[in-house]
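User: I would like to learn how to read a ligand site and a metal site. Please take me through one model.

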Amino acid sequence: MATILALETSCDETSAAVVRDRTVLSNIVASQIELHQRFGGVVPELASRQHVISLGPVLEAALSQSQISWADIDAVAATCAPGLVGALLVGVSAGKTLAMVHQKPFIGVHHLEGHLYAAYLTQPELQPPFLCLLVSGGHTSLVLVRRCGDYQILGQTRDDAAGEAFDKVARLLGLGYPGGPVIDRLAQQGNPSAFSLPEGNISLPEGGYHPYDTSFSGLKTAVLRLVERLQAAGALPTADLAASFQATVARVLTKRAIACALDHQVPTLVVGGGVAANSGLRSHLTVAAAEQGITVLFPPLAYCTDNAAMIACAAAEHFEHGHRSPLTLGSQSRLPVTAAMDLYH
Ligand code: KG4
Ligand code: ZN
């Protein structure tokens, strides 16, 4: 299989990795969290500027740690959509330049395909079809992976993404950015049954609820009202609120993912994206999947949040299928994963 050098700069992590045969030879991630923390979220212009500063050293470290030479690299890949356009441009421009200078094919990668395939890095024998519960800061969907480039969205959020809900609720509780890891830690000390919160069901015109779609904005608003009420009454029980919120998100995602896997008779459920790192989701889903005879695969924490190893992994799939991107490829802030094949000749 191919050896790929990949770059990831879609949001606030600058990353470069070398992956061969679904084995990670190096994966360097420079996080910008500290830079954005005082603003309570990612500032796009600052992110782009920091990628320009960080990418050189990150790339050098990834190449030297992999202990391979340019002659061993089959293709250069970079995330080109979706994400912050200015941030993406840094990686895409660098990737195309490296490909030109070293006369290698260039492979633009859809960021969500990286999350879909992150599980390959620790489960190299995994093959489609499988269902992926994709839960990141910008996306929440249930994607049926039929084969490389052939995806069907079976369920999704109608508003906020799961990670976005974690970030917004953390802000409401005064916990800072990014919210997911802080809520996860705090939730360990709280009671998950302390507060009953809405599960964001989507009503259907013909009656009943959509089996896989969800809404997280109602849940976020419910936490806001609760916080206002509790604050007026005295001190805020933040650990109980964090635990109750996390348990609700875990329950909602678990219910939808299990129902979808059973209905579509897909025995393997892969979880990807930053929220796949969440301990509540990991334990809920593991128990429910075992009860239903579904195999559930979580990438290790380092491959859940943004990293270039998962981008290299997705690029390797495309490389094997003969897909190549033109050197005129730009970056796009939005692109559905079902249109990922638009990135190739
Ligand atoms: O996949 P990712 O690194 O970036 C995007 O592509 O969006 O996901 C980032 C999101 C953030 O919203 C962050 O709060 C959330 O993943 N996250 C978590 C955890 N770690 C990161 N959410 C819940 N629990 C965690 N442990
Ligand atoms: Zn991501």
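User: Which residues come nearest to ligand 1?

Analyst: A residue is near a molecule if one of its heavy atoms lies within 4 Å of it. Of the 20 residues around ligand 1, the nearest are Gly-137, Asp-167, Asp-184, Gly-274 and Asn-278. This is a predicted model: local features need pLDDT of at least 70, side-chain atom pairs count only at pLDDT 80 or more, and totals for chains, interfaces and linings use all residues. Residues are numbered from 1 along each chain as its sequence is written, chains are lettered from A and ligands numbered from 1 in the order in which they are written, and side-chain values use heavy atoms, leaving out hydrogens and water.

User: Where are polar atoms close to ligand 1?

Analyst: A polar backbone atom of Gly-137 is 2.8 Å from a ligand 1 oxygen. A side-chain N or O atom of Asp-184 is 2.9 Å from a ligand 1 nitrogen. A backbone N or O atom of Asp-306 lies 3.0 Å from an oxygen of ligand 1.

User: What coordinates the zinc ion (ligand 2)?

Analyst: Donors are N, O and S atoms within 2.8 Å of the metal (3.2 Å for Na, K and Ca); water is not among the atoms, so sites may look incomplete. Here His-111 (NE2), His-115 (NE2) and Asp-306 (OD) coordinate zinc at 2.0 to 2.1 Å. Their spacing along the chain is H-x3-H-x190-D.

User: Are His-111 and His-115 buried or exposed?

Analyst: Buried means under 20% relative accessible area, exposed over 50%, partly exposed in between (1.4 Å probe, protein chains only). His-111 is buried at 7%, and His-115 is buried at 1%.

Conventions: Polar contact = N/O pair within 3.5 Å; in protein donor to acceptor, adjacent residues only side chain to side chain.
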